[in-house]
Amino acid sequence: MAGRCRRLSVGPWGRDLMAAVDAFLLDCDGVLWDGPRAIGGAAEVLRSLKERGKRVFLVSNNCSRSREEVAGKLEAWGLAAGPGQVYTTGRCSALYLRRAFAGPRRPKVYVLGSRALAAELRAAGLWVSGPGEEELPVSRCALDPEVGAVLVGYDERFSFVRLAKACSYLQDPRCHFVATDPDPWHPVSAVAGSKPSNLGDEDKEPRGPLTCTVRPGTGSLTAAVEAASGRKAKVIGKPSRFMFDCINEMEAGTPLDPARTLMIGDRLDTDILFGANCGLRTVLTLTGVSTLQQAHDNLASELPERRRMVPNFYVDSIKDFLPLLAS
């Protein structure tokens, strides 16, 4: 379902869209919040959707927080959403592996990721094998014979030893290889008072220290494991449609109708492509990673895959939904 990238505003398109949509799927980072602060209007939009009886689910590729932690962050900012509405790649990866291990014996999962990711697995009844022994050389790191899966997530402690252990487990073709999401990188929030690194010599103000502007994402770490192991990972997060299937499986009541569901996100290659893969209408917000120019470039492309990464609509920010909901 390729989009046409129209600005969404009060008018026939906007009114028709609000009337035609029963369920809203929203990304979190870059849509509801930006680093340490909520994006203006996010709380009011979520409250308005709830008042109008719309079904709202948050679908995030971020596996570094549990859904309880995400809900706590939302509550602190006055954003009306509970843990049951939050679907992270950690939660969905746990569901996938629980299915894969159906039977009387459930092997352990070797996790490259955060404590929150490991906690999601344990909450689903799975056993987790902690990395451990990072200080030892590879030749002295013992493997856990009960491991039956390797799960790669966002891991700021990723190391040569962890890579070696993951690849060693994956030498067994029966070992499942799963990645939470394909995100290659994430922006680093700007530090107050720092100066951009590309200022010209004519700038006379003192510059702050140069700092990293991006951090590697799960996709980068997964690529390392794939290259070293010769295996390809099963990717759970957006743009895979598995997260949509998770919502329909875990939610009681009427399944989501793709024709009456709207995906709102800030990344063309994950959020908007996810919507296209699931047959949803899509809206790009310009408060995150992808730009309007990139969307227009995709629209002008002759490559079918790039044209699938074109939203139906775009808004400057989530706040632009307020007049639509009011009308």
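This is a predicted model: local features need pLDDT of at least 70, side-chain atom pairs count only at pLDDT 80 or more; totals for chains, interfaces and linings use all residues.
Let's start with serine 317. Find strand 16, residues 313-315, and then helix 12, residues 321-326; serine 317 sits in the loop between them. Is serine 317 buried or exposed? Its relative accessible area is 12%, and the cut-off for buried is under 20%, so serine 317 is buried. And what does serine 317 touch, once we set aside neighbours within four places in sequence? The contacts are Ile39, Gly40 and Thr287.

Next, a pair of helices. Two packed helices are described by the angle between their axes and the distance between the axes. Helix 4 covers residues 89-100 and helix 5 covers residues 115-123; they pack at about 40°, and their axes are 8 Å apart. Helix 4 and helix 5 are therefore oblique to each other, and their crossing is right-handed. Which residues meet there? From helix 4 we have Gly90, Arg91, Ala94 and Leu97, and from helix 5 we have Leu117, Glu120 and Leu121. Sorted by class, that contact of helix 4 with helix 5 holds four nonpolar residues, one polar residue and two charged ones.

Now for some rings. The model has four aromatic pairs by the rule used here. One of them joins tyrosine 96 and phenylalanine 242 in an edge-to-face arrangement, with 5.7 Å from centre to centre and 80° between the planes. This pair links distant parts of the chain: tyrosine 96 belongs to helix 4, while phenylalanine 242 belongs to helix 8, residues 242-250, and the two are 146 residues apart. Phenylalanine 242 counts as buried, since its relative accessibility is 8%.

My last stop is leucine 163, which you can find in helix 6, residues 160-169. Leucine 163 has a relative accessible area of 16%, so this residue is buried too. How far is leucine 163 from threonine 222? Along the sequence they are 59 residues apart, and in space 9.7 Å, C-alpha to C-alpha. Again leaving out neighbours within four places in sequence, leucine 163 is in contact with Phe158, Ala224, Val225 and Ala228.

Terms used
Residues are numbered from 1 along each chain as its sequence is written. Side-chain values use heavy atoms; hydrogens and water are left out. Axes are lines fitted to C-alpha atoms, for helices over the stretch in contact, and angles run from 0 to 180 degrees between N-to-C directions. Helices (H or I, at least four residues) and strands (E, at least two) are DSSP runs, numbered from the N terminus. Angles under 35 degrees count as roughly parallel, over 145 as roughly antiparallel, 65 to 115 as roughly perpendicular and the rest as oblique. A crossing is left-handed if the near helix is turned anticlockwise from the far one by less than a right angle, and right-handed if clockwise. Contact means heavy atoms within 4.5 Å. Ala, Val, Leu, Ile, Met, Phe, Trp, Tyr, Cys and Pro count as nonpolar, Asp, Glu, Lys and Arg as charged, and the others, Gly among them, as polar. Buried means under 20% relative accessible area, exposed over 50%, partly exposed in between (1.4 Å probe, protein chains only). Rings of Phe, Tyr and Trp (its six-membered ring) pair if their centres lie within 6.5 Å; planes under 30 degrees apart count as stacked, over 60 as edge-to-face and the rest as tilted.
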